[in-house]
Amino acid sequence: MEATTVWSFKDRGNWATHNGKYRGNWSPYIPRNLILRYSMENDVVLDPFLGSGTTLIETKLLKRKGIGIDINPEPIAISKENLRFNRNNEYEPLIYNHDSRNLDFLEDKSIDLICAHPPYANIIKYSENIEGDLSLYDIDDFLIEIHKVAKELFRVLKNNKYCAILIGDTRRNKHMIPLGFYVMQEFLNVGFVLKESIIKEQHNCQATGFWYKKSIDHNFLLIAHEYLFVFRKP
Ligand SMILES: C[S@@+](CC[C@H](N)C(=O)[O-])C[C@H]1O[C@@H](n2cnc3c(N)ncnc32)[C@H](O)[C@@H]1O
C-alpha cells in the first residue's frame, strides 16, 4: 500500500490478466491501492471510463462488486476478454457500453467507491466519431463535458465515500495547460471535497525522440507526472 502523496511504480504490474496493451491504460497498482484503502469486501466499485478493464480485474481479485462503463464498444470487448478468468467466490463485474455523462441506470447513493481515468481531453483520441467520446473534445469543451460526468458521479456515490480521478496536464504553444487543476475544480464545483492530491510519477517519459528534441530546442521540461485526486462526498 502506498503511504505518501507521491506514487511511483517502476514495473507497471502484470499479474492476473493485466497486460498494458490498451493505449493510455493505467497501472493496476493505482486501482488496487484505491480499492484496498477506500473500500471493503463486497462493496460496489464503479469505473466510469473502463478502457481495457484494469479496475474490474482488481475488483474481481479483491472481492468487490465491480461496475464498468465505456462509451466505446472496442474497449468493452477487450475488458470482457481480460476478465475471462476464474476465482473462487468472486463477483462477476457488470459492464455497460454507455456514456458516463448520464448514469440514469444507476440509483442515487448506490456506489461505495469510484475509480475514474478519463481521456485527457483530446491528447489521445479513443475513437473517430463516437458521439459523446470525451477524447474528441478540446480543452474548454472537455471541461464542460467532464462537469456533467462529475455531477453524475456525485449523485451515484454514497455519502462520505470516495471518488478518485487520474488526470494529466498538457503543453500548448510552449506553455503548460494545467488540465489536472481545471478538472479538479470541476469536481469541487459539483460538491466534492478534496481528500488527497497525489503525484503519480510517469516512467514511460522518453528522454529521446520527438519531444526530447523539442524540449531542448524550446527549453521546456518533459512532463513526467500526473495527478490522482481523491475526493470525498460530504
Ligand atoms: C484513459 S482510458 C481508460 C483506460 C483504463 N483505465 C485502462 O486501464 O484500460 C479512457 C476511456 O474513456 C472512454 N470514454 C470516453 N468518453 C467516454 C464517455 N463519455 N463515457 C464513458 N467512457 C468514455 C474511452 O473510450 C476510453 O476507453
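View 1. A polar backbone atom of Ser-100 is 2.9 Å from a nitrogen atom of the ligand, and a backbone N or O atom of Gly-132 is 3.0 Å from a ligand nitrogen atom. Taken alone the ligand exposes 610 Å², of which the protein buries 99% (Shrake-Rupley accessible area, 1.4 Å probe).

View 2. Around the ligand stand 24 residues, of which Tyr-22, Ser-52, Thr-54, Asp-70 and Leu-134 come nearest (near means a heavy atom within 4 Å). This shell divides into 11 nonpolar, 10 polar and 3 charged residues, with Gly counted as polar and Tyr as nonpolar. The ligand sits in the largest cavity, that is, more than half of its atoms lie within 2 Å of the cavity's grid points, which form, on a 1 Å grid over the protein atoms alone, a set where a 1.4 Å probe fits but cannot get out.

**View 3. The annotated domain.** An unreviewed UniProt entry annotates residues 3-81 and 111-233 as "domain: DNA methylase N-4/N-6", and such annotations may be inferred rather than shown by experiment. The end C-alpha atoms of residues 3-81 lie 33 Å apart, and this span is 34% helix and 15% strand (DSSP runs of at least four and at least two residues, respectively).

Residues are numbered from 1 along each chain as its sequence is written, and side-chain values use heavy atoms, leaving out hydrogens and water. Local features of this predicted model need pLDDT of at least 70 and side-chain atom pairs count only at pLDDT 80 or more, whereas totals for chains, interfaces and linings use all residues.

Conventions: Polar contact = N/O pair within 3.5 Å; in protein donor to acceptor, adjacent residues only side chain to side chain. 1 Å grid on protein atoms, 1.4 Å probe; cavity = no way out; pocket = protein on both sides within 12 Å on 5 of 7 lines; lining within 4 Å.
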